[in-house]
Amino acid sequence: MSITPSIPPNAPSNGGYAYEPAPTPRWIPLVIIVLFLGVGALVYLGYNSRVLLQGALDKSNMHADVLSKELEQTNSRVALLRAQLDVTSQKLGLTQAELARARTMAQQIQQEQQDSDAKLIAQIGQVQKENEAKIGQVSTDLTGAKSDIAATRKDLEDTKKNLTTAVGDLNGQGVLIARSHEELENLRRLNERNIYDFKLTKSKNPQHVGPIQILLRSTDPKHYKFTMTVIADDKSIEKKDRNVDEPMQLYVRGVRAPYEMVVFEVTKDGANGYLSTPKEAVAPAPSGGASSGATDPAKTPVSTAAPATAPAAANAPPAGPPRSQQ
């Protein structure tokens, strides 16, 4: 559209004036410039946005790749875990079966233990009953034993009364002696000393009597006398012209109390009696090379406990010939 005014072609000229075209308004270029700048700005913004979007898209693609790889790894792990879960499930099934079997065995063992405890309790009850019965029997036996001990004690006291007290030839103290075989048994029953009874015969060789040796040299039955030699501790001790029923004492090394010898019977060729030694010590064996020439070896000491009742001979009067030399 033109802005030039239309003039009729046949219009007369007025005063010789000619018409000139009108100048372009100033605002039009400004509008064009503004439009150009706006278009450029839009193009720049579009390009910038495209670049930004392209960068974001690249990052998104990279992130998508990373996520894809992680997803693949996750899928692999899930598959592995599923396989392990299957295996574990199978093992768990076996384990549950084993646990059930173990529970069954535990119940059986518990039942067996209860049965065993019941049997043990029953046995303990039976043993207690038996022990109570035995204790009752022992109590009865102890009562009887106390009575026996009391009787034995009284019997021993009576036995001591029946034995003769004589004075020893060394310490001057009174000692209990036996004057016959019966009294010798009573003395042995006291169980206070070791008793060795002997039957000596006249010989050139000594006879072993307990821990010593005795050589019977001579006898005098008419006067109830005898002579002997006692060998102990490498020493020879002569007992000359001793009387029947006379206690002869002998001290040996290592023993405080003396040995005691009593001859209660003499014959033409022999003598009968006993040797008494203390229990607290054992004397050394007799020395010397003498051999035993006696016909009856000495008896070993008797240390058994005394019986409950004394024999009738304990209260009998002593046997043997009268003691004219006492």
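**Close-up views of a predicted model**

**View 1. Strands β3 and β10 pair in the antiparallel sense over 9 bridges.** Strands are DSSP runs of E with at least two residues, numbered from the N terminus, and two strands pair if DSSP finds at least two bridges between them. R193 stands opposite P278 in β10. This is a predicted model, in which local features need pLDDT of at least 70 and side-chain atom pairs count only at pLDDT 80 or more, while totals for chains, interfaces and linings use all residues. Residues are numbered from 1 along each chain as its sequence is written, and side-chain values use heavy atoms, with hydrogens and water left out.

**View 2. An open sheet of 4 strands has the order β3-β10-β9-β8, with antiparallel pairing.** At its edges are β3 (193-201) and β8 (248-250), each of which pairs on one side only.

**View 3. Strands β9 and β10 form a hairpin with 3 residues between them.** Antiparallel β9 (residues 259-266) and β10 (residues 270-278) are joined by 6 bridges. The bridge partner of V262 in β10 is Y274, and that of M261 is L275.

**View 4. Both faces of strand β10 are covered.** In a regular strand the side chains alternate between the two faces of the sheet. On one side of β10, G270, N272, Y274, S276 and P278 are buried, as are A271, G273, L275 and T277 on the other. Buried means under 20% relative accessible area (1.4 Å probe, protein chains only), exposed over 50%, and partly exposed in between. Because 9 of the 9 residues of β10 are buried, this strand is largely enclosed by the rest of the structure.
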